[in-house]
Amino acid sequence: MIARALAALAAGLLTLAASPAQAAVTMAFWSRDFGDYFPHAFFRLRGTLDAGGAPVDASYGFTARSVTPAILFGNVAGRIERPKLGYMQGSKVRFAVTLSDAQYGAVLALVREWDATTGDSTYNLGKRNCVTFVREAARRAGLTTVDFPKLMKKPTSFLRAVAAANPAQVRVIEQDGKTYLAEHPPLDGVVPVEAPVATPGTLPAKKADESER
């Protein structure tokens, strides 16, 4: 009996060893409030697809090309940006979700749809801003309750509302970026959609800190 049980246990362990390692891409939603920068929301994709391949590590946000009074009066030029490391360290991680490969593909399609070279990069403060972008990203990530019209100019309040409305689908984090990045350091992976690396939303007459460069 004991020998048979040990044999069964050994067979089970061999089966586990032969199985492929579990893989997934985590999508973390971030925000930054007023300071030297315009309020902003963005997300980070990090991990490995279930289908395999090189790991992914890239962050994306949508913002006006320049923060000027013109954004108060209608449409202006916008662009997809990848926030600089120092900017992320000064931001906050609100929550994260685990993506299926199909959801990951849908999120990348969104990035391309809003990019100046492959889609429509029109920015509008009230109708097509960074919060609008992450709202659609959250929808494509599988979250079902993402519409909060009164919060579309309030990145942090919006993300907290989304997390509260989708408790079974998200992992609430609420951690400062510097600590989170120390625990989840950059991977030596691919950037699936190229975009400028920048400090989003620097206000006029303000300069980025050395850590932002």
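Modeller: A salt bridge is a side-chain nitrogen of Lys or Arg within 4 Å of a carboxyl oxygen of Asp or Glu. The model is predicted, so local features need pLDDT of at least 70 and side-chain atom pairs count only at pLDDT 80 or more, whereas totals for chains, interfaces and linings use all residues. Residues are numbered from 1 along each chain as its sequence is written, and side-chain values use heavy atoms, leaving out hydrogens and water.

Biologist: How many residues apart in sequence are the parts that Arg-135 and Asp-147 tie together?

Modeller: Arg-135 and Asp-147 form a salt bridge whose closest N and O atoms are 3.8 Å apart. Because Arg-135 lies in helix H4 and Asp-147 in the loop between H4 and H5, the pair ties together parts whose separation in sequence is 12 residues. Helices (H or I, at least four residues) and strands (E, at least two) are DSSP runs, numbered from the N terminus.

Biologist: In the salt bridge between Arg-94 and Glu-174, is Arg-94 buried or exposed?

Modeller: The closest N and O atoms of Arg-94 and Glu-174 are 2.8 Å apart, and the pair links strand S5 with strand S7, 80 residues apart. Buried means under 20% relative accessible area, exposed over 50%, and partly exposed in between (1.4 Å probe, protein chains only). Glu-174, at 36%, is partly exposed, whereas Arg-94, at 4% relative accessibility, counts as buried.

Biologist: Which side chain of opposite charge is nearest to Asp-115?

Modeller: Lys and Arg count as positive and Asp and Glu as negative, while His and the chain ends are not counted. Asp-115 is buried yet has no salt bridge, and at 7.3 Å the nearest side chain of opposite charge is Arg-65.
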